[in-house]
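The sequence and structure come first.

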Amino acid sequence: MNRFKPDLTDADVTPRHIYMNRRRFMRATGTVVGGSLIAACRMPEETAEPESVEQAAPPAQDAAPASNPEPAPANPAVVKDYASLTDELGDPLNSFHDISNYNNYYEFTVDKQRVAGLAKDYPTSPWTVEVGGLVDKPGTYTLADWDRFPQEERIYRLRCVEAWSMVIPWTGFPLRMLLDEIQPQSNAKYVAFQTVFDPERMPGQRGGYNWPYTEGLRLDEAENDLAMLVTGLYGDPLPMQNGAPIRLIVPWKYGFKSIKSIVKIDLVEEQPTSLWMSAAPNEYGFYSNVNPNVNHPRWSQARERRIGENGRRETLFLNGYEDQVGYLYEGMDLKANY
């Protein structure tokens, strides 16, 4: 199995006080309130709310996050430590303000800059995740159960299918650790994920798409060490709008594959159909790997806008993670298997 081997320097090591506070952090996730179920990183469709579509824009014109002043940090030392960190390519982190205030979250609205306010009161405690299907040890996991898995902080790039990107410090654990615990059976070939369905409190789920939000990975993709179940951001529990209380991160795929606010994980034999595959199969395939050589039918994927930067940069094949995950697609036609 391929393992995550970032090219980091001493400056990138998580500060000791953050590492030693891991258990305090995880206990905090048991009391945090909020929720985030986003159809992450998707362009608005004609079926979306008209007033929201009017505020949204195609990738080349997408508005930057609002320049509201960031609140004073509770622990300035933590912010100072993060300010010196980069990803393995040397790119700095996006600010906490940008990451937590520029979100796709179709269950509430298609307007990225309204998500944080609209999602802030959605409860995520108590929260359970049902894990089953073709496994020997199915179970129901509570917030406290995730503390059994060693938490670590990783800096990943997030590339949205809309052609914008961020660099984000997540806290969580490799998905393979959960898979090892539940013991997939020999006929399990895929991992299917599902978010909560709550149209009473999530007006976006009252129509438009085949809710609840669903996603999937091939089993060997899910077992790659880069695929993470994430419970934190910037050393604290996930904000509501970023996927609280637990989400998936698959950094070599477009952001909508990284399903948020998970309530169900099943091991299955047949390839699952995701929400966006169901909504627009000609635009969104099962793999959805970041690939500058395969354009979206309505825009180019060759370049991207890094939030906080002027201009655009070249998009990297597999979002720059080819060394870690390229072997998964040897011999595959990635234009046919988009």
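In the protein chain, 75% of the contacts with a separation of 6 or more are between residues 24 or more positions apart; a contact means heavy atoms within 4.5 Å. The model is predicted: local features need pLDDT of at least 70 and side-chain atom pairs count only at pLDDT 80 or more, while totals for chains, interfaces and linings use all residues. Residues are numbered from 1 along each chain as its sequence is written, and side-chain values use heavy atoms, with hydrogens and water left out.

The secondary structure comes to 10 helices and 12 strands, taken as DSSP runs numbered from the N terminus (helices H or I, at least four residues; strands E, at least two). Of the 338 residues, 56% count as buried, that is, under 20% relative accessible area with a 1.4 Å probe, protein chains only.

The largest nonpolar core has 84 residues, and Leu175, Leu178, Phe193, Leu248, Trp252 and Ile262 have the most contacts inside it. Its largest share, 6 residues, comes from strand β4 (residues 164-174). Such a core is a set of buried Ala, Val, Leu, Ile, Met, Phe, Trp, Tyr and Cys residues joined through side-chain atoms within 4.5 Å.

Helix α7 (residues 175-182) has Leu175, Arg176, Leu178, Leu179 and Ile182 as its buried residues. They lie on the same side of α7, because they cover an arc of only 155 degrees around the axis, based on directions from the helix axis to the C-beta atoms. Leu178 touches Val131, Tyr141, Trp146, Phe149, Leu229 and Ile265, not counting residues up to four places away in sequence. Gln183 follows α7 and has a positive phi, near 60 degrees.

**Voids**

On a 1 Å grid over the protein atoms alone, a cavity is a set of points where a 1.4 Å probe fits but cannot get out; a pocket is an open set with protein on both sides within 12 Å along at least five of seven lines, and lining residues have an atom within 4 Å of a point. There are 2 cavities of 30 Å³ or more.

| Void | Volume |
|---|---|
| Second largest cavity | about 40 Å³ |

The second largest pocket is lined by 19 residues, of which Tyr254, Glu283, Val294, Asn295 and Tyr338 are the closest to its centre. Its lining divides into 9 nonpolar, 9 polar and 1 charged.

Residues lining the second largest cavity include Trp170, Pro251 and Ser258. Strand β3 (residues 152-159) gives the largest share of this lining, 3 residues.

Notes. Buried means under 20% relative accessible area, exposed over 50%, partly exposed in between (1.4 Å probe, protein chains only). Ala, Val, Leu, Ile, Met, Phe, Trp, Tyr, Cys and Pro count as nonpolar, Asp, Glu, Lys and Arg as charged, and the others, Gly among them, as polar. Grid points are joined across faces, edges and corners, and a volume is the space filled by probe spheres set on the points.
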